[in-house]
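Please read the points below with the structure open beside them. They go through helix packing, surface, backbone and charged pairs in turn.

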Amino acid sequence: MLKSLKHRLALLLAAFLLVSIALFFLIANREIESLFITHANDQQEQRIQQIIFQVNDLFQNPNGTVSLDGLETIGNAALQNGILLHVTTLNREIDWDITTHKSDECNLILQHREMNMHSRYPTFEGGYEQRIEEITYNGIVIGEITLGYYGPFTFDDAELELVDALNRLLIILGTTFIVIAAVLGLVIAASISKPISSASTAARRISQGEYGVQIAERYTTAELQSLVDSINEMSSILKAKEEQKHRLTADVAHELRTPLTNLQGFIEAVIDGIWEPTTEMMVSCHEEIERLTRIVNLLLELDKYEDKRITLQYSSFSAMELCASVVNMFLLPAQEKNIRLQYSTDAFADICYADEGRLKQCMVNLVSNALRYTPEGGSIDVSYQNEEWYHVFAVRDTGIGISEENLEQIFERFFRADKSRNQKTGGIGIGLTITKAIVDMHGGIISVNSEPGKGSCFTIKIPKADVSQLDRNETEREE
Ligand code: ADP
């Protein structure tokens, strides 16, 4: 079964933290324990040494007498610390044993110590141990001290309480840390998995045709935000494409309907015997068919450019020669319309590296538009300029111009500023769209300046390096 990323991450983090914390507390516990054992052993040794010293001190009397009361005091104090004192002299004059004085109390104290140790370490292997030390006077051994205790080491009540308190503290701290770690793990896991699950939900909705879906949340992890951005961008592009597809279908249907309706009307009138199929009528029909064919051919051409199915044929050529040949193509129709058509340049060098044929097609489109939208007596100037980074071609006319609100849509498919006028001029609103597509393929820029009633100026800027070269330079510069 598939587990969610959130659960997986949370589990992984929780397991990792649990093991780390458990390990930390285990080590801390062992260290504290061993510190206490060393401390307990040191304490025991100190007490024993103190008893030995005190007993020896009692025997340092030059007149040979020893205070039995003093022995009793030392013995009682030792007993409180879990040590049973037995003092004998070699001449058997003194044989003082705490067990003969306080037998019950001795048993009780030893049992209590044993209980203490077993309560702390259930498997503690201890038992009654004895240690024998000498009593000396002027360097001569005069007796011995026997020290009995529950060993190898013991904790008294205060020490045991302290060890237990420390262990309790460790357990409380450990549990608190584990709870904090688990909560933190969940929060971190959620913060990582949330953007991914949002992205996956959005991707699923997009795949189901819900284009334009956007993930609104912003995330602080760069990679996750970049994933979300990519999904949002993909969704917007798909939406735009979808809208473009709908618009194209509507536009094409709309454009084809008029000539088709005209044709249908003519033919139906002939069939019904209303009109005679005259040559004039046939010419009209032929014109409509020609228009339909032109629309279809232009659309097919545009599709190839927009789908990037055409590869540009780069070559070096003279920009001025290109302008001259375009101007020459239109000299006769310009003359007929009494329009002054000329070309100029102030460039010393004019060698261009681009797709000559397609660039010429762009210039032909611009000049033919200029001719179409410039009234008699006007003028059209074609020019070339050699700028630092671009080859700049311009077509300036003194025609009808384009209003500001139309300027934005001028390069859109089927856009015509004045449909009725264009119907007469034969324009179908695809020429500039194709021109822009060709310029785009070159990595260039097409722009227009226009003033209604005064004229327009279309400018094409073609980058000097070919597009791939330019892309590479761009990437290198970014790096
Ligand atoms: P068309 O086949 O209609 O000329 P274009 O795409 O070439 O199609 O042009 C789109 C529209 O832009 C034209 O219908 C016209 O309204 C406007 N236009 C283009 N060039 C000019 C120009 N030089 N002067 C004025 N209007 C222009």
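**Notes on the model**

1. The axes of helix H1 (residues 5-58) and H5 come within 8 Å and cross at roughly 165°. That makes H1 roughly antiparallel to H5, a label used for angles over 145 degrees. Axes here are lines fitted to C-alpha atoms, for helices over the stretch in contact, and angles run from 0 to 180 degrees between N-to-C directions. H1 passes H5 in a right-handed crossing, that is, the near helix is turned clockwise from the far one by less than a right angle. Helices (H or I, at least four residues) and strands (E, at least two) are DSSP runs, numbered from the N terminus.

2. This is a predicted model, in which local features need pLDDT of at least 70 and side-chain atom pairs count only at pLDDT 80 or more, while totals for chains, interfaces and linings use all residues. Residues are numbered from 1 along each chain as its sequence is written, and side-chain values use heavy atoms, with hydrogens and water left out.

3. Helix H1 contains threonine 38. Its C-alpha atom is separated by 31 Å from that of leucine 17, 21 residues apart along the chain. Threonine 38 has a relative accessible area of 43% and is therefore partly exposed (buried means under 20%, exposed over 50%, partly exposed in between; 1.4 Å probe, protein chains only).

4. A nonpolar surface patch of about 790 Å² is formed by residues including Leu5, Leu169, Phe177, Leu184 and Leu227. A patch takes residues with over 30% relative accessible area and no salt bridge, and nonpolar side chains (Val, Leu, Ile, Met, Phe, Trp, Tyr) are joined within 5 Å. Helix H5 (residues 157-207) gives the largest share of the nonpolar patch, 8 residues. Leucine 184 sits in helix H5 and is partly exposed, at a relative accessible area of 47%.

5. Which residues does a cis peptide bond join? They are glycine 151 and proline 152, with omega about 10°. Proline 152 belongs to the loop between strand E4 (140-151) and H5.

6. Asparagine 338 has a positive phi, near 55°, and lies in the loop between helix H8 (319-336) and strand E6 (340-345). Phenylalanine 414 has a positive phi, near 65°, in the loop between helix H10 (404-407) and helix H11 (419-425). Is phenylalanine 414 buried or exposed? With a relative accessible area of 3%, phenylalanine 414 is buried.

7. The whole structure holds 16 salt bridges, each a side-chain nitrogen of Lys or Arg within 4 Å of a carboxyl oxygen of Asp or Glu. One of them pairs arginine 131 with glutamate 133 (3.0 Å, N to O); glutamate 133 is partly exposed at 23% relative accessibility. Another joins arginine 168 and glutamate 161 (3.5 Å, N to O). Arginine 168 is partly exposed at 47%, and glutamate 161 at 46%.

8. The side chains of glutamate 387 and lysine 461 also meet in a salt bridge (3.9 Å, N to O). Glutamate 387 lies in the loop between strand E8 (379-386) and strand E9 (390-397) and lysine 461 in strand E11 (residues 455-463), so the pair ties together parts 74 residues apart in sequence.

9. Last, a network of salt bridges links Glu33, Arg120 and Asp164.

Terms used
Patch = residues over 30% accessible without salt bridge, like charges linked within 9 Å, V, L, I, M, F, W, Y side chains within 5 Å. Areas by Shrake-Rupley, 256 points an atom, 1.4 Å probe, with all protein chains shown as cover. Parallel < 35°, antiparallel > 145°, perpendicular 65-115°, else oblique.
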